[in-house]
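Colleague: I am new to reading protein models, and I would like to learn how to read one feature by feature. Could you walk me through it?

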Amino acid sequence: MKYLGKPAGMWALFAGSFEKHLTVEFDLTAEQAKDVAARAKKRYREIIAKLPEFDKRDRFEMNIVNCAMLAAFILCMPQRPNIKTLTDYYAAAMMTPTMKAFCRASGKKKFTPKDIEGMKATAKLRAGDRNPYSWNMDFFEYEDGSGYEARFTTCGICTLMQGLGLYDLTPALCHLDYTMSDAGGASDFVREYTLASGGPYCDCGYHKKQ
């Protein structure tokens with residue numbers, strides 16, 4: 001994957017927040033945080049360079065780019081984080097004002113015909129069959145019309161985190177689904193299983209807010 005383009009854009013949008021929250025959730029000094037961020041940028045570029053290019057129809061490219069960024073910061077931290085602190089850190093670092101605005105805009109489109117068609121197209125694409133860093137998804141609409149479920153049987157984040165020796169920390173990324181759903185304001189997110197926790201699949205259920 002080329003660094004110039006989406007990966008460079010995502011670094012520009014979020015790196016400052018990732019650096020800032022090192023001083024909040026991990027109690028690093030500003031100097032330490034700056035050093036971690038500087039080394040993480042180099043590591044991030046190395047990770048991105050080893051990833052394959054994504055199909056232009058693949059809606060999950062940003063997910064793997066965000067994972068690469070978090071992984072780069074983890075690998076440059078003074079010590080390996082615990083799962084709870086990392087979960088809090090990732091949510092706080094990702095939910096910038098720009099990200100919150102994006103979630104609200106997405107929430108307004110949730111459950112529209114265009115949204116449903118997009119989910120069906122993603123399920124049909126099965127990008128994970130050709131790219132181990134992408135996802136395969138099945139799509140189910142609830143019979144009572146209350147929403148839908150996206151059920152993932154392969155996960156690019158799991159592949160990347162395992163390859164970097166960080167697989168045990170993967171659930172910290174999974175939890176962001178709840179945070180983003182809340183920020184969107186249109187759905188209540190429910191989940192029973194994740195692949196990262198040993199489940200048969202990752203279920204992402206979105207119920208319409210009443």
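Colleague: Which helices each supply at least two residues of the lining of the second largest pocket?

Modeller: Helix 2 and helix 7 do. Helices (H or I, at least four residues) and strands (E, at least two) are DSSP runs, numbered from the N terminus. This is a predicted model, in which local features need pLDDT of at least 70 and side-chain atom pairs count only at pLDDT 80 or more, while totals for chains, interfaces and linings use all residues. Residues are numbered from 1 along each chain as its sequence is written, and side-chain values use heavy atoms, with hydrogens and water left out.

Colleague: What is a pocket, and which residues line the second largest pocket?

Modeller: On a 1 Å grid over the protein atoms alone, a pocket is an open set of points with protein on both sides within 12 Å along at least five of seven lines, whereas a cavity is a set of points where a 1.4 Å probe fits but cannot get out; lining residues have an atom within 4 Å of a point. Grid points are joined across faces, edges and corners, and a volume is the space filled by probe spheres set on the points. Here the second largest pocket has a volume of about 160 Å³. Its lining is made of Arg-43, Glu-46, Ile-47, Lys-50, Leu-51, Tyr-133, Thr-159, Leu-160, Gly-163 and Leu-164.

Colleague: How many residues of that lining are nonpolar, polar and charged?

Modeller: Five are nonpolar, two polar and three charged. In this scheme Ala, Val, Leu, Ile, Met, Phe, Trp, Tyr, Cys and Pro count as nonpolar, Asp, Glu, Lys and Arg as charged, and the others, Gly among them, as polar.

Colleague: And what is the volume of the largest pocket?

Modeller: About 1600 Å³. It is lined by 50 residues, and Arg-59, Phe-60, Asn-63, Phe-102 and Met-180 are the closest to its centre. Helix 5 gives the most to this lining, with eight residues. By class, the lining has 26 nonpolar, 13 polar and 11 charged residues.

Colleague: Is Arg-126 buried, exposed or partly exposed?

Modeller: Buried means under 20% relative accessible area, exposed over 50%, and partly exposed in between (1.4 Å probe, protein chains only). Arg-126 has a relative accessible area of 31%, so it is partly exposed. You will find Arg-126 in the loop between helix 6 and strand 1 (136-141). Its phi is near 50°, a positive value in a residue other than glycine. Phe-111 also has a positive phi, near 75°, but Phe-111 counts as buried because its relative accessibility is 17%.

Colleague: Which residues of helix 7 are buried?

Modeller: In helix 7 (residues 156-163) they are Gly-156, Ile-157, Cys-158, Leu-160 and Met-161. They pack against helix 2 (30-49), helix 3, strand 2 (147-154) and helix 8 (171-174).

Colleague: What is a nonpolar core, and how many residues has the largest one?

Modeller: A nonpolar core is a set of buried Ala, Val, Leu, Ile, Met, Phe, Trp, Tyr and Cys residues joined through side-chain atoms within 4.5 Å. The largest one has 67 residues, and Phe-18, Tyr-44, Ile-64 and Phe-73 have the most contacts inside it. Helix 3 (residues 61-76) brings the largest share, 11 residues.

Colleague: How is a pair of aromatic rings described?

Modeller: By the distance of the centres and the angle of the planes. Rings of Phe, Tyr and Trp (its six-membered ring) pair if their centres lie within 6.5 Å; planes under 30 degrees apart count as stacked, over 60 as edge-to-face and the rest as tilted. The structure holds 15 aromatic pairs. In one of them, the centres of Phe-18 and Tyr-89 are 5.8 Å apart with the planes at 85°, so this pair is edge-to-face. Phe-18 sits in helix 1 (residues 6-25) and Tyr-89 in helix 4 (residues 83-94), 71 residues apart.

How values were computed
Contact = heavy atoms within 4.5 Å.
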